[in-house]
Amino acid sequence: MFVAAIVVLVLVDGGLIYAGIKFRDRPGHTAQQFHGHNFLELLWTVVPTIMVISFSVLSFQKLNVMNDTSGAGMTVNVQGQQWTWIMNYPKEDRFKLTDGTFLRGAQELHIPVNMKVHIQLSSKDVIHSFWVPNIGGKKDAVPGRATDLWIQADRPGTYKGQCFEFCGTGHADMLITLVVHTPDDYGTWIKSALTEANRLNDPATKTGRESFLALPCTGCHTVLGTTAAGKVGPDLTHIASKKSIAGGVVSPVNEDTLTRWIHDPQALKPTTQMPNYHLSDQQVHDIVQWLLTLK
Ligand code: CUA
C-alpha cells in the first residue's frame, strides 16, 4: 500500500507541478480553460476504484491472518485495569503455585521467542488498548467483552508497550514491558517467578498480603509479582532489605518502625503524602508481617 501510495503521489503531484509551471498564465502565454476530456475522466475514475477495491480485499485477507489465533503455543489472559495490566499465565502445571493458583504478573509479560502467543484481552473498568509497537498488533480491551490478538517475537529482548486508549489520569503510566526469552532462559525465568510468587503467597503471611492488596495501598505502591503497581509512592518490592523508609526519615526497617509508620505516618514524618487509614492493630500487624518477607 505504501509503495502504491508513493507511485500515486509522484504521478499526481508530478503532473500537477509540471502542468502548473508549463501551462501557467504568464506574459506572452494565456492559460487555457477547458474541461470534459472523456478518456481522462474515465481513467481517473476507474483506476482509483480498482485500487480501492484491491486494497480492501488485501486488507480483509490480512485482517483474517491478524485475528487467527489458532496454532498458538500458549494463551495468556491479559486484563487491563486503571492503570496497569494483569498478566494471567496459562493454567498449566509449569505455572502452578504451591497454593494451587497460577502465576500472574502486573505490567510485565514474559514470553518465549519464536512462539505464537495468543493474548486474550479483557478489562475490569474502562476501555484500554494493548499495544507493543515493535511486535505489532494493537487491540482494545473492552469491559464485558473478550477480544483476542496474537503476538510473536523473532528476537529475544525487552520491548516497550503502552496502553493506547485514554483511560483516565494514569493512562500515560499504563505501560507494558514485554520480555522475550530464549527457550532455556524462559524455563529459568518461570522457576524464579514461581519462587518469588510462592514466597509472596506464603500462607503464614496470607492475611497481611490480602489486606494490603485490598486496601488503597496498591494505588500508590508497587510490589512486583503482585497486582500492586502504583507509581505514586515508593516501590515496596524489597522493602525488608532497605536501610530506611519514608525518604530516610525512619530507620532501621523492622517490625517496630513499620508498625508505627503504618499506624500514623504523619507522627513520624509530618510532610509525608501517605495517609493514615486508621487500620486496626491486627490489620497493621498482619501487613507488617507480610512486608517483612519482602526482601
Ligand atoms: Cu489504559 Cu490508557
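This dialogue goes through a few features of a predicted model.

Me: What is the mean pLDDT of the protein?

Reply: pLDDT is the predictor's confidence in each residue, from 0 to 100. Where pLDDT is low, the predicted coordinates should not be read in detail. Here the mean is 89, and 100% of the residues reach 70 or more. In this predicted model, local features need pLDDT of at least 70 and side-chain atom pairs count only at 80 or more, while totals for chains, interfaces and linings use all residues. Residues are numbered from 1 along each chain as its sequence is written, and side-chain values use heavy atoms, without hydrogens and water.

Me: Which residues of helix H6 are buried?

Reply: Buried means under 20% relative accessible area, exposed over 50%, partly exposed in between (1.4 Å probe, protein chains only). Helices are DSSP runs of H or I with at least four residues, strands are runs of E with at least two, and both are numbered from the N terminus. An α-helix has 3.6 residues a turn, so residues three or four places apart point the same way. In H6 (residues 255–263), the buried residues are Thr257, Leu258, Trp261 and Ile262. They cover an arc of only 125° around the axis, which puts them on the same side of H6; the arc is that of the directions from the helix axis to the C-beta atoms.

Me: Is Leu121 buried or exposed?

Reply: Leu121, in strand S5 (residues 117–123), is buried, with a relative accessible area of 1%. Contact means heavy atoms within 4.5 Å. Leaving aside neighbours within four places in sequence, Leu121 has contacts including Val78, Trp85, Phe130 and Leu149.
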